[in-house]
Amino acid sequence: MTAAVGAAAVSIGPVSDRLARRLMAAPRRLPEESGMAVLLDRLGGEVVRLRSRDGVRLTGRWLAAEPGEDDWVADPREAILLLHGYSGSVTPDLLELGPFLRRIAGVLGLDFRGHGGSDDAPTTFGLDEVEDVAGALAWLGDRGVRRVALVGSSMGGITAIAATAILGDGRLAVADAPSDAPASSVDAPRPRIVAVVADSVTPEVALVVGRRMGVPGGVRLADHAFSRFGRIVGGDPRDIQPVASVGLLEDVPLLLVHGGADELIPPWAAARLAAAAPVGTRHLVVEGAGHGEAHATDPAAWEAAAGEHLRAAFRDARP
């Protein structure tokens, strides 16, 4: 190693550590959420408290299924777990998607650790959030739910894919690694994950973070930051990032949604994730939609694709 390379390696370490810690401190709520309380009360539902598999106390909201205008009949043994993105709580997603999704099945909107009303904990881009999904599945199992679909946007989509791969078949190295003794155990019947809708999902976590930084070399710097996660939380989110885990969803129907005008996940990146997905994966591209804006841009197209996908998955999984 030359002196110049050695100096660069020494200097980037502290910068990467600072960035890693900043990434772990996601905004608990978005500024616009302060005006959503009335809308959330109007939406109704039940505020719930549950624990992640590793003991973190989480908050969510349960929306019971409601009849739609078609002939679909919701099954009380089926549910949709709604997972939000990096910033804020699940409230905006519940308000936008809840009225549609609850016409298919009951909906549990979950605040990830460190978000919304859930307890403080680092944000880890799916690494520890898989434990939150495990806790939510146990909560649903306690209520008699036996089939669950995961619907997630951005980090929520990353977590949905990772959770399905890890909790569903355990073939990732992370799933097989010994874990610390949990603060609480998950003994409830485990519902089967029957479908995933992953919206605005990056193939690699460093890509979306680096492009959001908007500086030269941002992706490389973000990659260094993720390599420092292990020093703080004991694991690397890149081990379970979508391009590494999506191929394991062979038996779970998957719908990928991307915005055609998404500046964080450009078309070539969306195509890379789709190419890594199992045969049969559906891919909806909503032209003109930015990051996480596919439903807002074209609700008819999003709801037609997601509705068909979810109903077919639930129908095929029924005894």
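Me: pLDDT is the predictor's confidence in each residue, from 0 to 100. This model is predicted. What makes residues 169–179 a stretch to read with care?

Reply: pLDDT stays under 50 there, on a scale that runs to 100. The model still has 18 contacts beyond four places in sequence for residues 169–179. Where pLDDT is low, the predicted coordinates should not be read in detail.

Me: How many such contacts does the model have for residues 1–10?

Reply: One. Here too, pLDDT stays under 50.

Me: How do you know what pLDDT the protein chain has on average?

Reply: The average is computed over the chain, and it is 90.

Me: What share of the protein chain is buried?

Reply: Buried residues make up 53% of its 319 residues.

Me: Which residues lie nearest the centre of the largest pocket?

Reply: Y86, S87, S154, R212 and H291. The lining has 37 residues. Elements that give two or more of them include α1, β3 and α7.

Me: Why do 18 residues of that lining count as nonpolar?

Reply: Their residue types are on the nonpolar list, which runs from Ala to Pro, so they go in that class. The lining also has twelve polar and seven charged residues.

Conventions: Residues numbered from 1 in each chain as written. Predicted model: local features only at pLDDT ≥ 70, side-chain atom pairs only at ≥ 80, totals over all residues. Heavy atoms only, no water. Contact = heavy atoms within 4.5 Å. Buried < 20%, exposed > 50% of the residue type's maximum accessible area, 1.4 Å probe, protein only. 1 Å grid on protein atoms, 1.4 Å probe; cavity = no way out; pocket = protein on both sides within 12 Å on 5 of 7 lines; lining within 4 Å. Helix = DSSP H or I, 4+ residues; strand = E, 2+ residues; numbered from the N terminus.
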